Amino acid sequence: MPRREMRPVPDLPTPGILRPRGGRIRRRGASAAVAVLVLAMVSAAGAQSPEQIARGKYIFGAAAGCGCHTVPKQALNAGGRKYDGPFGTVYASNITPDPTTGIGKWTDEQIITATRAGRRPNGERLIPVHPYTVFNGMAEQDLKDVVAYLRSVPPVNKAAPAKKITVPLFESVFLPAWLATFAPRELPPAAAPTSGVARGEYLSRAVGHCGECHTPRTMTMAVDSSRFLAGNQKGKGPEGSAVPNITPDRDTGIGNWSEEQITDYLETGNKPDGDVAGGLMMEVIQGTSAGYKDLTKADRQAIAKYLKSIPPVRNQIE
Amino acid sequence: MNGRLSLTASVIVTASLVVGIGAGCAGKSMSKTGSGDVVADRQRVMKLQGASWGDIQAKAKAGNIEAIAVNAETLALTAQQIPALFPEGSLTDKSKAKPEVWQKWSEFEAAAKNLQTQAEKLRDAARAKNEQATQDIVKDFGRTACGACHTPFRQPPPRS
């Protein structure tokens, strides 16, 4: 059985003025106008083409196949997956192109707004189980490509169950306050970095949203960005699981792993001690129609380089 | 008591003792060859499986094909032991098993059987010195033979 049916298409070339400096994601600046022009020209040329859908599928895989929107072994992107939190219970949306229960009637703009700004077409806020403040760090073209891919999968007529919020005044008062104070915030680059640590940073922080599981959370589910990727104890991670510390700390993190071992792990789940990943991590490596396992070796190496470059944080996960 | 009654009584008493001791022994039969701590026993088996898989990867990388057979055989044999190492009621604090093991027992058994079958395939390919077949199996073995069980049935293990 072929492991990959589609080869990822190389990223758009990054003009010199837009190339990120110092490996950090840059804010939009004076070069934004030029960037918009370049992107408009390119996206008009590539709208809904097989190449764009293939690029979109690749980014979709790099985002773990949007696995939160698929119940394991059920229809792709049909939603319905349950998430319990201190606010109550929500169910992942149906993001298939179904016109009544999915996003079939939404415009590209509306899909992108929901993904990165957390607003539905009717103005309602998404609960940030869907980490829109993190996806805000994705480049516009990547988001457009993902939309093209989302529109290309089979529509499934299946309404997600309605959310059950148990905290009074949650959506009107607590949620905006939480978002302003506690949500991790990523800002988009004009164009996605194409190689090196900058690419690894982009894929880890924004697209792969590793911090959503791997960065420690407090009692209010706030993310402790000062300990980025330092893990979560049992009960604090997704679905109550413990999540490993993947900073380069030698005692409590993965400082003893080589770049090659990290690169291999993201494709196979094989760890240096012969153990094999399971649980939610293996789910995201496998992905849905695509997953981390479908990243190119160059992209996995970039992620490995980035993970070796972030501050080591001592945090023993039991 | 007269002779016949005491004979019947002693038969009944002896029979009860035999049944009682037998029932007590049945509980221990699962860990006859182990330490008596089934969670520790199975973690030991899993560590051995991890070491065997690590060896297989190293040998495959070095092109040392025939030598993979012994590790694959270890995996096949220890896979057969897995179901018996997860008796009802063995979900302790030290265990990384999820309740799903017992809620979906037939799936769990099937996953162990899958490991055994794939390991035997790998052993046979290695014994036949078939480099291509061996490397093809090794490529996906971690995910499909080990990960396939760890995904639904194991909580994240302690840091390695």
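Predicted model: local features only at pLDDT ≥ 70, side-chain atom pairs only at ≥ 80, totals over all residues.
Figure 1. At 12% relative accessibility, Asp294(A) counts as buried.

**Figure 2. The salt bridge between Glu239(A) and Arg81(A).** The side chains of Glu239(A) and Arg81(A) form a salt bridge of 3.5 Å, N to O. Glu239(A) is placed in the loop between H8 and H9 of chain A, and Arg81(A) in the loop between helix H2 (50-62) and strand S1 (82-85) of chain A, so the pair ties together parts that are 158 residues apart in sequence. Glu239(A) is exposed, with a relative accessible area of 54%, whereas Arg81(A) is buried, with a relative accessible area of 10%. The backbone of Glu239(A) also deserves attention: its phi is near 55°, a positive value in a residue other than glycine. Most residues other than glycine have a negative phi.

**Figure 3. Further salt bridges of chain A.** Lys271(A) forms a salt bridge with Asp275(A), the closest N and O atoms lying 3.6 Å apart. Both Lys271(A) and Asp275(A) are buried. Elsewhere, a network of salt bridges links Arg120(A), Glu124(A), Lys163(A) and Glu171(A). Over all chains, the structure holds 25 salt bridges.

**Figure 4. The surroundings of Leu203(A).** Leu203(A) is part of helix H7 of chain A, which covers residues 196-207. With a relative accessible area of 2%, Leu203(A) is buried because its value falls under the 20% limit. Apart from neighbours within four places in sequence, Leu203(A) is in contact with Ala62(A), Gly208(A), His209(A), Asp299(A) and Ile303(A). The C-alpha atom of Leu203(A) is separated by 9.7 Å from that of Gly137(A), a residue 66 positions away along the chain.

**Figure 5. The interface of chain A and chain B.** The contact takes 29 residues from chain A and 22 residues from chain B. About 1,900 Å² is buried between the two chains, and carbon and sulfur atoms give 43% of this area. Two salt bridges are counted between chain A and chain B. One pairs Glu260(A) with Lys61(B), with 3.0 Å between the closest N and O atoms. On the side of chain A that touches chain B, helix H9 (259-268) and helix H10 (279-286) each supply at least two residues. The largest share of that side, five residues, comes from H10(A). By class, the side of chain A that touches chain B has five nonpolar, ten polar and 14 charged residues.

**Figure 6. His150(B) and its contacts with chain A.** His150(B) lies in helix H6 of chain B, residues 131-153. This histidine is buried, with a relative accessible area of 14%. When neighbours within four places in sequence are left aside, the contacts of His150(B) are Asp275(A), Val276(A), Ala277(A), Gly278(A) and Gly279(A). Of these, Asp275(A) is the salt-bridge partner of Lys271(A). Within its own chain, His150(B) is 72 residues from Thr78(B) in sequence and 16 Å from it in space, C-alpha to C-alpha.

**Figure 7. Arg42(B), a buried arginine without a salt bridge.** Arg42(B) belongs to helix H2 of chain B, residues 38-61. Arg42(B) is buried yet has no salt bridge, and the nearest side chain of opposite charge, that of Asp37(B), is 7.8 Å away. Its side chain does make a polar contact of 2.9 Å with the side chain of Ser95(B). Beyond neighbours within four places in sequence, the residues in contact with Arg42(B) include Leu85(B), Phe86(B), Pro87(B) and Trp102(B).

**Figure 8. Lys129(B) and the helices of chain B.** Lys129(B) lies in the loop between helix H5 (105-127) and H6 of chain B. Although Lys129(B) is not a glycine, it has a positive phi of about 55°. Lys129(B) is exposed, with a relative accessible area of 57%. Chain B contains six helices and zero strands. Of its 160 residues, 37% count as buried. Among contacts in chain B between residues at least 6 apart in sequence, 72% join residues at least 24 apart.

Conventions
Residues numbered from 1 in each chain as written. Chains lettered and ligands numbered in written order. Heavy atoms only, no water. Helix = DSSP H or I, 4+ residues; strand = E, 2+ residues; numbered from the N terminus. Buried < 20%, exposed > 50% of the residue type's maximum accessible area, 1.4 Å probe, protein only. Contact = heavy atoms within 4.5 Å. Lys, Arg positive; Asp, Glu negative; His and termini not counted. Salt bridge = Lys/Arg side-chain N within 4 Å of Asp/Glu carboxyl O. Polar contact = N/O pair within 3.5 Å; in protein donor to acceptor, adjacent residues only side chain to side chain. Buried area = accessible area lost by both parts, 1.4 Å probe. Nonpolar A, V, L, I, M, F, W, Y, C, P; charged D, E, K, R; others polar.
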